[in-house]
Amino acid sequence: MRVRLHTGNNKLVPKWKKNGASSSNPSRTKHRDAAKLQLLSSLSTSQPSLVNIQPAKRVHDTDRVSQYSKTTLGTTATNASMIQVNARVIQTLLERQPAKNDQQQITIWLDGVCRAYCSFHRSDPATCLTFISKLFEICINECLLSVYKRVQTKATNVLKTVIKTILKPQMETLRTNPLLKQLFKYVEHGLTYAYTLSWNCVFHLLADMFELMGKDYFEFCRNCLSSLSGLRSTKDFSFLAELDSTVGKAIRVFEPKNILQVIPLNLTGTINDAQLEQSWLLPLLRDNITHTELNHFVGYFLPIAFQLQTTADNLREKGDLTNSTVLSTLQDQIWSLFPGYCSYPTDLSISFKLVAKGIGTSLTKRPDLRLHLLAGLRNLISKTNNESDREEIAKYAKNYLPLLFNLYTSEKWNASRDPVRQSVFETIKRYLTITDHELCQQFFDKSLEKMKNTELDQTTLTYLLDIVLALVPYLEQKCLETLEEKLKQLFSMKDGSLKRSTMKKSYRILEELCARPTATIQQFINEERSNFLFEHLLNSLTKSQSALKGPQLRCISSLLDMPNNQSVTKMKQIISIAIQCLHEINGRTRHDGYLIIIKCAHLWTSLSEQSFINSLTGFFHFLMAGLVSPNSPSMSSATLLAISRLCLEFRENLAGTIVDELISTLILVLQSKERQIIQAALSFCRVLLIILNETVLSKYIEQLASSLTIMREENNFTFRSKLKLILQKLVRIFGFDTLRDLFPASFHAQLSYINKMHVRKERRRKGTSTIGRSVITKVDGEDEYVDDNETTFTVRPKLTIDQLLDDSDDDEQNLDGMDDARTMATARTTASTKRRQQKAALWIKEGQDDDPIDLTEPTAARSIYATKPLTNRETEAMKKAMKNKRKNSGFRTAPDGRIIIDVDDDENQQKDMNNGDDDNDDDDEDMNREDLKGLMETLSLSQRTKNKRKRT
């Protein structure tokens, strides 16, 4: 959108402010009133002599309307005279409507009208409603019939804004006003054939109108819903996604019970349902049902689902597998609606008792329905705002929880991560949140009794430990003591007597206890027990399996929050063990190790009596002591990773001698002959290049270059990818000329290539693109503001060869300093486009008769175009092209609803892949998220992990 700027300043300055009034001036309202009256006088129809068809004048009048609506209509007028002025402004704007196919002026006019309506609504909501129908009539009957997609989109956004900002706050008033029905008829008229190219916009408006009107207007909207159903059944319909979204909104507003009266599914439960025509409605019902009656599912869908299953079983026995599979799928789709009906049901206290027993029976006998039933139970517990409904569900805990426990422990699951098994466990945890604590104690006692069975296999023992883990937050003191004895018994067993998964579950229970989620557990984990757990965890970490170290580290991290464990002696023991875990294959274990080291660093600085910088320096010195272990390169590399992570954590606090010591350490370790240490050192180098400035790095650049040269020669290009990232960063900091003198000739080719890519990337970034920026251009000698953040839907027209040749003659003298052919072509095209934009021109479109246009009439604006009007032949050609483009987009569908995907040959696929790879240039910014993420992956030694897995 373009808005007038006052010359001499690049900021938007309203006239009242330019004349001397400030935002704190008490005469501010006076100046605004004067500005409104001045605008009215300039746009008044009683002075036809002011109508001027000069190109710049006409465009800027429209811009002034938009600017006026931003500045002078932004506050509430308190007197009746200014309310009258607002009404006259709206009326004047509506009279001076541009032509619908003049996209430049009509979009600016629509924006100004939208802002004016919103401001008028803030000053006088009741009077503003009287002008709404005229705006709907213009946008629907004219703008949506425009051949330009941009005009259609702009009109749609204006109406959506009016619906949300003006109509929705006054819905209580509109319920007794016939205006709402009139506006809906305007929008419903858009479903006629004349609006074929703009049906997507009409569908969006219908969805907003459905939401605005509510289910009280269902009978009034029946015909519209029936029309939508007919369009959905049309073959090769172009706007299926938009139509489905509109029907989905209708389902949420009017409830499925009413929707199925207009769009019936016609389900009979027989073999005839295999050719169901309205099957498209079932996925929409599944995704949009909420806040409705659960009894409707019980009375309507449940009998049909049972009948379909019976028919499918009979067909399977007769050998008709095709129809049997279709009916089974249809039955499964019906059951998939059950979780939606359980989402905020309005009649839970009445309807749930009707299906409670059936749910339990189906969970046991119908494995194919378990996912839907369990999802419905979880929704009944969590998606309700009524406490009495939760109490109703909690009454059945004594029935459902034992059934779920037996299902979880006795079923033979196909895999450890079976989706049904995980769903059962999530339902157990959700149900326990509303279960009485005494009942939880009983379930815990029964679980421990089953665990005492000597014939129990370890898989079932693992499942029982899962149930105990879910019960931990609801246990009392006595049960916690019993659990403590059981955990000691499990931990005292030999390593080979228990499976790794069983031992891991035991530590997961200990992790839940150490987290102390409830007040009872906080009293239970006292100082004595925390010291015992601390010693046990430190001793077990050194000899435990890799899969067990993650839960053990998390236990230690939770115990560090207790004051009795916050001592320097204990932290030294923890840090050494956490550093050893930085080389684990499990990524979460490495992450937990880093978190413990960071937590210890914060505790170290808080417990020290020295200043923060001095205590942090002391912590770094403690870590650097781990680098002097020549017989343990693994420990040295892990220590380097820990130091790198701490540098990222405290990058804003690094100062003084510690910075010099860190760089000296880096230069020293880069000369190591151990590849494991070199890999960690290169990661450390990347961190320092990011967090330190150029001044500090310039002191050591010669030594750093020498160390990198030695490292490259001795390791025979083993780490060339990591070295390339470091060289890229150095080129951005110091430049190619400086590095060429510091590195030997073997580096010059790579440095030259890196510099070339960097210059090209900078040139593209700082080139002629103005996307997302606001540009001030000169139009007819005055400043004009162009906002490129506005979404546009038009494609820049291509230049002919004659235009390119004409532009090249004038532009060559300004391109002497450019050596890139691509940049020269881009600059020429941009310059010529800018020059064409500056040549403002207007066209007068005459009617079919020979009568001249009366320029004194307000409607003369519809015959004056800021863009060249299209002929009738061009208009028809554009409509035909838009229709063909929409028809050919997307995948084709078969008559039965299957998607047909045309597979190209291998050459075309390879060509498309090659074309897509050209745009994969990443911008490496200092301290951006992607760079930090890459560093964290590097610090986790992901490459070493991948290599290990490849060898195994």
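## Conventions and overall content

Axes here are lines fitted to C-alpha atoms, for helices over the stretch in contact, and angles run from 0 to 180 degrees between N-to-C directions. The model is predicted, so local features need pLDDT of at least 70 and side-chain atom pairs count only at pLDDT 80 or more, whereas totals for chains, interfaces and linings use all residues. Residues are numbered from 1 along each chain as its sequence is written, and side-chain values use heavy atoms, with hydrogens and water left out.

The protein chain contains 46 helices and seven strands (DSSP runs numbered from the N terminus: H or I of at least four residues for helices, E of at least two for strands). Of its 952 residues, 47% count as buried (under 20% relative accessible area; exposed is over 50% and partly exposed in between, with a 1.4 Å probe and protein chains only). Considering contacts (heavy atoms within 4.5 Å) between residues at least 6 apart in sequence, 73% join residues at least 24 apart.

## Packing of H31 with H33

Helix H31, residues 587-607, packs against helix H33, residues 633-649, at an angle of about 60 degrees, and their axes are 10 Å apart. H31 is therefore oblique to H33 (under 35 degrees is roughly parallel, over 145 roughly antiparallel, 65 to 115 roughly perpendicular, and the rest oblique). The crossing of H31 past H33 is right-handed (the near helix is turned clockwise from the far one by less than a right angle; anticlockwise gives left-handed).

On the H31 side, the residues that meet H33 are Tyr594, Ile597, Ile598, Ala601 and His602; their partners in H33 are Leu641, Ala642, Arg645, Leu646 and Glu649. By class, this contact between H31 and H33 comprises seven nonpolar, one polar and two charged residues (Ala, Val, Leu, Ile, Met, Phe, Trp, Tyr, Cys and Pro are nonpolar, Asp, Glu, Lys and Arg charged, and the others, Gly among them, polar).

## Packing of H35 with H37

For helix H35 (residues 675-691) and helix H37 (residues 701-715), the packing angle is about 150 degrees and the axes lie 12 Å apart. H35 is therefore roughly antiparallel to H37. The crossing of these two helices, H35 and H37, is left-handed.

H35 contributes Arg675, Ile678, Leu682, Cys685 and Leu689 to the contact, while H37 contributes Leu704, Leu708, Met711 and Asn715. Seven nonpolar residues, one polar and one charged make up this contact of H35 with H37.

## Packing of H13 with H14

Helix H13 (residues 240-262) and helix H14 (residues 281-288) cross at roughly 85 degrees, and their axes come within 9 Å. At that angle, H13 is roughly perpendicular to H14.

The H13 residues Asp244, Val247, Gly248, Ile251, Arg252, Pro256 and Leu260 meet Leu281, Leu284, Leu285 and Asn288 of H14. The contact of H13 with H14 divides into seven nonpolar, two polar and two charged residues.

## Buried residues

Leucine 183 belongs to helix H10, residues 179-188, and is buried at a relative accessible area of 0%. When neighbours within four places in sequence are set aside, its contacts are Ile132, Ser133, Phe136, Leu167 and Met209. Leucine 183 and leucine 135 are 48 residues apart along the chain, and their C-alpha atoms are separated by 9.8 Å. Glutamine 103, in helix H5 (residues 103-123), counts as buried at 14% relative accessibility. Arginine 150 is 47 residues from glutamine 103 in sequence, with a C-alpha to C-alpha distance of 7.2 Å.

Threonine 435 sits in the loop between helix H22 (419-432) and helix H23 (437-451). This threonine 435 is buried, its relative accessible area being 5%. Not counting residues up to four places away in sequence, threonine 435 touches Ala397, Leu401 and Cys440.

## Positive phi in loops

Tyrosine 344 is not a glycine, yet its phi is positive, at about 50 degrees. The loop that holds tyrosine 344 runs between helix H17 (338-341) and helix H18 (348-365), and the residue is partly exposed at a relative accessible area of 26%.

Arginine 516, also a residue other than glycine, has a positive phi near 50 degrees. Its place is the loop between helix H26 (500-515) and helix H27 (519-524). With 23% relative accessibility, arginine 516 counts as partly exposed.
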